[in-house]
Amino acid sequence: MTPRRPLLLLLGGASVLVSGYVHYYLYFKGGYRDIAPDSFAGFTISRAFAINAIAGFVIAWALVVSLRFPKLAVPAALAGAGFAVATLGAYLLTRTVGILGFEDAQLTTEAVVAFVAELIALVALGSWLLGPRTLPRPVGRAA
């Protein structure tokens with residue numbers, strides 16, 4: 001395994017963590033906690049920000065842990081790539097037709113940071129997934 005393979009998982013994990021943190025910040029400190037124009041089965045855009053933050057933290061943790069437990073690497077990388085695609089898709093919907101009644105045309109620092117982090121996560125994790133099919137060796141153990 002090349003030394004770059006674990007770095008792709010770490011880069012993906014760091015990027016997912018950044019995106020999750022931005023959504024955490026927007027929900028708890030940025031005023032997004034109380035926006036709920038529409039709901040679908042009790043799901044609002046406000047709750048989507050909270051769920052996105054939690055998912056980002058859990059997926060980032062799984063990506064880092066996968067370096068020690070290699071069998072977790074593929075599911076964690078798939079979850080991270082899916083997270084990035086879903087979050088980018090939701091962001092693009094808010095910029096065009098809206099999602100759950102929420103539209104946002106402002107360009108904020110948080111939006112740019114999250115967008116770039118999600119693109120980096122998608123590229124890093126996609127590269128890892130499309131690369132050689134060998135599982136990473138556990139860190140700290142001779143294989």
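Here are some friendly notes on this predicted model, point by point.

1. **Overall layout.** The protein has four helices and two strands. Reading from the N terminus, the elements come in the order α-β-β-α-α-α. Of its 143 residues, 39% count as buried.

2. **Confidence.** The average pLDDT of the protein is 86, and 84% of the residues score at least 70. Confidence is highest in helix 4 (residues 109-130), at a mean of 95, and lowest in strand 1 (residues 39-40), at 58.

3. **Helix 2.** This helix has 21 residues and reaches 30 Å from its first C-alpha to its last, close to the 30 Å expected at 1.5 Å a residue. Its buried residues include Ile45, Phe49, Asn52, Gly56, Ile59, Leu63 and Val65. Among the others buried in helix 2 are Ala50, Ala53, Ala60 and Ala62.

4. **Helix 3.** Does the span of helix 3 agree or disagree with its number of residues? Helix 3 covers residues 73-95, and at 1.5 Å a residue its 23 residues should span 33 Å; the end C-alpha atoms are 33 Å apart, so the two agree. Buried positions in helix 3 include Ala73, Ala76, Ala77, Gly80, Ala81 and Ala84. Phe83, Thr87, Leu88 and Thr94 are also buried there.

5. **Helix 4.** With 22 residues, helix 4 reaches 31 Å between its first and last C-alpha atoms, close to the 32 Å expected at 1.5 Å a residue. Its list of buried residues includes Ala111, Ala114, Ala117, Ala121 and Ala124, and also the charged residue Glu118. Leu125, Gly126, Trp128 and Leu129 are buried in helix 4 as well.

6. **Who builds the lining.** Which helix gives the largest share of the lining of the largest pocket? Helix 3 does, with seven residues. Helix 1 (4-28), helix 2 (45-65), helix 3 and helix 4 each supply at least two residues of the lining. By residue type, the lining divides into 19 nonpolar, six polar and four charged residues.

7. The whole structure holds five aromatic pairs. In one of them, the rings of Tyr27 and Phe28 have centres 4.8 Å apart and planes at 90 degrees, so the pair is edge-to-face. Tyr27 counts as buried because its relative accessibility is 13%, under the 20% cut-off. Phe28, in contrast, is partly exposed, with a relative accessible area of 42%.

8. **A pair between two helices.** Tyr91 and Phe115 form a tilted aromatic pair, at 5.5 Å centre to centre and 50 degrees between the planes. This pair links distant parts of the chain, with Tyr91 in helix 3 and Phe115 in helix 4, 24 residues apart. Phe115 has a relative accessible area of 28% and is partly exposed.

9. **A ring cluster.** Which residues do ring pairs link into a cluster? They are Tyr21, Tyr24, Tyr27, Phe28 and Phe57. The edge-to-face pair of Tyr27 and Phe28 from point 8 involves two of these residues.

10. Leu17 sits in helix 1 and is partly exposed, with a relative accessible area of 40%. Leu17 and Gly80 are 63 residues apart in sequence, and their C-alpha atoms are 9.9 Å apart in space. From Leu93 to Glu103 is 10 residues in sequence and 7.9 Å in space, C-alpha to C-alpha.

11. **Ser66.** Is Ser66 buried or exposed? Ser66 is buried, with a relative accessible area of 0%. Its place is in the loop between helix 2 and helix 3. Ser66 and Leu9 are 57 residues apart in sequence, while their C-alpha atoms are 8.2 Å apart in space.

Note on methods. Residues numbered from 1 in each chain as written. Predicted model: local features only at pLDDT ≥ 70, side-chain atom pairs only at ≥ 80, totals over all residues. Heavy atoms only, no water. Expected span 1.5 Å × (residues − 1). Buried < 20%, exposed > 50% of the residue type's maximum accessible area, 1.4 Å probe, protein only. pLDDT = per-residue confidence, 0-100. Phe/Tyr/Trp six-rings, centres within 6.5 Å; stacked < 30°, edge-to-face > 60°.
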